[in-house]
Amino acid sequence: MVQGLSGKTVRLTVSQAIVKYTAAQYTVADGERRRFVPAALGIFGHGNVAGLGQAFAEYADKLPFVQGRNEQAIAHLATGFAKAAKRRQTLAVTASVGPGATNLVTAAALATVNRIPLLLLPGDTYATRRQGPVLQQIDLPGTPDVTVNDAFRPISRFFDRINRPEQLLTALPQAFRVLANPEETGAVVLSLPQDVQSHAYDFPVEFFDEKDWVIRRRVPEPTEIAEIARLLQASKRPLIIAGGGVIYSDAQERLTELGRRTGVPISETFAGKGAVTEDGPFRVDGIGLEGSPETNRLAERADLVLHIGTRLTDFATASQSIFQGENVKFASINIVEHDAVKQGAFAALADAGLALAALTTALGDYRVEAAWAADIETARTTWAPVRAQALDPDQLFDKATRPEVPETDAILTQGQLIGLMQEHAQPGDTIVAAAGGPPGDLQKVWDATNGRHAHLEFGFSCMGYELPAAMGVRLADPDPSHRVTAFIGDGTFVMAPTEIVTAAQERIPFTLVVSENHGYQVIRRLQMWRTGEHFANEFRYREEGGSLAGSDAGRLEGGYLDIDLTQIAAGLGAVVRKPYTADEVRQALAETRDVQGPVVIVVPTIPHVDLPSSEVWWDVSPAEVSQTPDTRVELADYLEGRANQRWHG
């Protein structure tokens, strides 16, 4: 027994102590105090029902519990909530031992990659071992202390296995310290052996007092800000790349003000979509592989690139091929040094909001040179009509111009569907996307200014994130006038639709718009680009006469699969619509806006018709040896592009 100052203790199980402690934690950011973990989610099995299940039931009035359908999905819901809450809150997620626990691994990796706080409480096999080997134990003969939960170690920012109750006295504060620190945050995993969950201990009563965790803003060093200002003032063609850190810092208005005052063009990464709050002569849309081609041309010529709050992955840098300016220099603002120094940048380690305010002051009356301002305006006016034409839902797509496009019942292209959603979007609305074609298309053309929000998860690009994440966004923003829409393809829908049931059960209002284009079309596009032929990416029947049991299996080149996504969605509890024309989509969006539960709108879209290219390179290598002539051609093209890769430090 360990006593606190009062000498008083309370006897609780490990599980009860975890739930009671979690319910007493708060964050304080910019003077606002919030419950750190306002709710928990989970699925019970034999590895957590008698321990954590009992504790959540006992303390349900202090920490509400949501019943999920898929462990990975409910952890994505928690991550979506935490991202929408700008990392100032998160949710706890519990799962049983074995497959329940390992179903959380993907979600843990996603949270860590994206620097989002996520508290995971997976069950684990017995610590006492007298029962073993037990159900779902991996049972390795050479390492008996290893369990499947050790898979969390390399993908978590904090991992601890609780083998004794008193370990919570240090483990829980350490876990919440990491969750509350934006420089370190990510997946936090407390691995809980099934037997230990139910073991009791006399905890100091003070351990369960309410505790505030201050989410601090790193103050910029004046000398670092002065040097970035000097670099900007000395440049002729500066460019800013804004990442998710701008949004987490609530620095969108300050970034926009910097652009307004200086005229420096501001581009956005996936996570940074919406970092610029208004349109103006400084806003140049997305950058990189799924960015605007005109933005990319500006990046190719820039002589100073200031990246703010971004990890600067290969999609933003076109695999380090996009920055071709002579003697191009880099500067950065970031709270994480590992990210700040990328590209050999001169780094200011600081909160984005505080740094941008200081930088705007340091720049005084600086404005970009007239020649660069003219180039920026040319890029904007060149791209605007191209974008508008690609999104125009009332200009019927002429299938005769693309005879190679397969015949389906679709009338609209995916770009036109996005145009309709853009037309419908109102201030306060959020659109969510994560994998396949939707996030890239939104990065390229979505207008997230004037109060419209974009929630793009592309750090891990995880299929199945979008639907539960939209539910998390809704929990973070319960205002019924704000519509939350997840935009996915049919490939993602058939992979993970199950949390529609949870949304129906909890009456969580959100909308799922499905682009039904018959397969993993964005990967088919990549496949065609890098091999010259497609294989096993569309949803097609096996050729007639083919058999997996025979010597001639045939290929997956039959007709498109006959799948009724609306029946699936309706059966799971959603309100459903299947519009075909532009006006039918408009009507479906309008009449379902106020539904108090899940809405699924399935829109057939024309396969193989994409938005205009970003016109940059990506390092995906074709086979160096192939009997296919097209692949040899693509290899030559790839090698030509690789010659443009640069090392910047």
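Modeller: Gladly, and please keep in mind that this is a predicted model. The largest nonpolar core has 51 residues, and those with the most contacts inside it are Val93, Leu120, Phe152, Phe493, Leu512 and Val600.

Colleague: Which helix gives the largest share of this core?

Modeller: That is helix H5, residues 105-113, which contributes six residues to the core.

Colleague: And what is Phe152 in contact with, leaving aside its neighbours within four places in sequence?

Modeller: With those neighbours left aside, Phe152 is in contact with Ala101, Leu104, Val105, Ala108, Leu120, Pro122, Phe159 and Val189. There is also a second, separate core, which has 48 residues and includes Leu312, Ala390, Leu417 and Ile418.

Colleague: Switching to helix packing, at what angle do H17 and H19 pack?

Modeller: Helix H17 (residues 466-476) and helix H19 (residues 499-506) pack at about 25 degrees, and their axes are 9 Å apart. Angles under 35 degrees count as roughly parallel, so H17 is roughly parallel to H19.

Colleague: Which residues in H17 and H19 meet there?

Modeller: From H17 there are Leu467, Pro468 and Met471, and they meet Glu499, Ile500, Thr502 and Ala503 of H19. Sorted by class, the contact of H17 with H19 has five nonpolar residues, one polar and one charged.

Colleague: What about Arg507, is that buried or exposed?

Modeller: Arg507 counts as exposed because its relative accessibility is 62%. Arg507 is found in the loop between H19 and strand E21 (510-516), and its phi is near 55 degrees, which is a positive value in a residue other than glycine.

Colleague: Which other residue has a positive phi although it is not a glycine?

Modeller: Asn450 does, with a phi of about 55 degrees. Asn450 lies in the loop between helix H16 (437-445) and strand E19 (453-456), and with a relative accessible area of 48% Asn450 is partly exposed.

Colleague: Let's move to H9; which of its residues are buried?

Modeller: In helix H9, which covers residues 252-262, the buried ones are Gln252, Leu255, Thr256, Leu258, Gly259 and Thr262. Looking down the axis of H9, these buried residues fall within an arc of 155 degrees, so they line one face of the helix.

Colleague: What do the buried residues of H9 pack against?

Modeller: They pack against strand E12 (238-242), helix H8 (244-248), strand E13 (266-268), strand E15 (304-308) and helix H13 (352-363). Just after H9 comes Gly263, which takes a positive phi of about 80 degrees.

Colleague: And where is Arg237 found?

Modeller: Arg237 is in the loop between helix H7 (222-234) and E12, and at 24% relative accessibility Arg237 counts as partly exposed. If neighbours within four places in sequence are left aside, Arg237 is in contact with Arg301, Ala302, Asp303, Leu304 and Trp372. The C-alpha atoms of Arg237 and Val368 are separated by 7.5 Å, although these two residues are 131 residues apart along the chain.

Colleague: One last thing: which peptide bond is cis?

Modeller: The bond from Gly132 to Pro133 is cis, with omega near -10 degrees, and Pro133 is found in the loop between E7 and E8. Asp139 lies in the loop between strand E7 (118-124) and strand E8 (158-161), where Asp139 is partly exposed, having a relative accessible area of 43%.

Conventions. Residues numbered from 1 in each chain as written. Predicted model: local features only at pLDDT ≥ 70, side-chain atom pairs only at ≥ 80, totals over all residues. Heavy atoms only, no water. Core = buried A, V, L, I, M, F, W, Y, C linked by side-chain atoms within 4.5 Å. Buried < 20%, exposed > 50% of the residue type's maximum accessible area, 1.4 Å probe, protein only. Helix = DSSP H or I, 4+ residues; strand = E, 2+ residues; numbered from the N terminus. Contact = heavy atoms within 4.5 Å. Axes fitted to C-alpha atoms, helices over the stretch in contact; angles between N-to-C directions. Parallel < 35°, antiparallel > 145°, perpendicular 65-115°, else oblique. Nonpolar A, V, L, I, M, F, W, Y, C, P; charged D, E, K, R; others polar. Arc of directions from axis to C-beta.
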